[in-house]
Amino acid sequence: EERTRNPYLIGLVPVLFLALLSLSVFFSTFLYFSELQYGWSKREVYAFLFVVGIGVAAMQGMGTVIFKRFSAPNVLLAAIAIRLVSDPLYAISWAGWQAFLLCLLVAASSLATIAVGGLMSSMVDANSQGALFGANACIDTFAVSIGKYLFNAVLSLFTSDHVPIKYAGAPFVLSSLVTAVNVCVVSVVNHKYKQYATAPAEVALHGERVELEEVADVAGGDARD
């Protein structure tokens with residue numbers, strides 16, 4: 001059977017990668033960042049992560065209502081735009097209470113990965129869901145691996161004794177730049193290919209199934225690079 005590629009599905013691959021890369025700034029540097037910026041111990045960090053976890057879970061619970069009221073492509077763009085606001089605010093914050101306040105934005109921005117996953121899943125048939133999950137897991141692993149070294153290197157550089165002014169918020173500045181690029185990517189992808197998001201899973205384009213292997217090829221190619 002001749003297959004047809006879904007351009008919106010393929011366009012969401014870099015969107016997912018950049019969203020996960022930006023999000024990895026928390027996993028890789030927040031423990032050290034909060035110690036330098038707020039004077040926190042591990043106890044305060046764990047309390048913060050607990051609050052963030054509750055906020056993300058609440059957003060996931062509200063996701064059904066949100067996606068029914070607003071289209072998934074619009075929710076995706078809004079959630080990434082929220083990250084574009086929250087990261088610079090973390091970079092310039094100076095008190096622990098500000099971090100707890102900003103975690104509301106972090107929780108809201110978690111809808112980005114949920115929206116991407118939902119959009120991708122809706123565009124492939126039931127038999128291809130496992131392949132989609134594997135491709136997305138590959139993208140996740142690659143993004144987190146890159147982010148771990150990238151953001152830690154930036155934090156180490158800007159807090160070392162070799163710089164005239166130490167600045168622990170540098171990783172969040174870099175994360176905001178990544179998010180700014182992602183906003184542009186999402187805007188272009190939504191504008192050009194959003195019409196394919198509403199196509200049924202079995203007949204995404206002209207009665208033919210979606211070319212999911214292209215997603216796996218892109219993910220695999222990134223991982224090999």
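Start by selecting D87: at 0% relative accessibility, this residue counts as buried (buried is under 20% relative accessible area, exposed over 50%, partly exposed in between, with a 1.4 Å probe and protein chains only). You are looking at a predicted model, where local features need pLDDT of at least 70, side-chain atom pairs count only at pLDDT 80 or more, and totals for chains, interfaces and linings use all residues. Numbering runs from 1 along each chain as its sequence is written, and side-chain values use heavy atoms, with hydrogens and water left out.

**Salt bridges**

Now show helix α3, residues 72-92 (helices are DSSP runs of H or I, at least four residues, numbered from the N terminus). R83 and D87 sit four residues apart in α3, so about one helical turn separates them.

Next, select K166 and D161. They form a salt bridge, with the closest N and O atoms 3.0 Å apart. D161 is exposed, at 69% relative accessible area. The count comes to two salt bridges.

**The nonpolar patch**

Switch to a surface view. Select V85, L89, I92, L157, F158, Y167, V173 and L177. Together they make a nonpolar surface patch of about 680 Å² (patch residues have over 30% relative accessible area and no salt bridge; nonpolar side chains, meaning Val, Leu, Ile, Met, Phe, Trp and Tyr, are joined within 5 Å, and like charges within 9 Å; areas come from the Shrake-Rupley method with a 1.4 Å probe, and for residues only the protein chains shown count as cover). Helices α3, α6 (129-158) and α7 (170-193) each give two or more residues to the patch. The largest share, three residues, comes from α3. Pick out L177, in helix α7. L177 is exposed, with a relative accessible area of 51%.

Show α1 (residues 7-38) with α6. Their axes come within 7 Å and cross at roughly 40° (axes are lines fitted to C-alpha atoms, for helices over the stretch in contact; angles run from 0 to 180 degrees between N-to-C directions). That makes α1 oblique to α6 (under 35 degrees is roughly parallel, over 145 roughly antiparallel, 65 to 115 roughly perpendicular, the rest oblique).

Finish with α2 (residues 42-69) and α5 (residues 111-122). They pack at an angle of about 55°, with their axes 11 Å apart. That makes α2 oblique to α5.

Notes. Salt bridge = Lys/Arg side-chain N within 4 Å of Asp/Glu carboxyl O.
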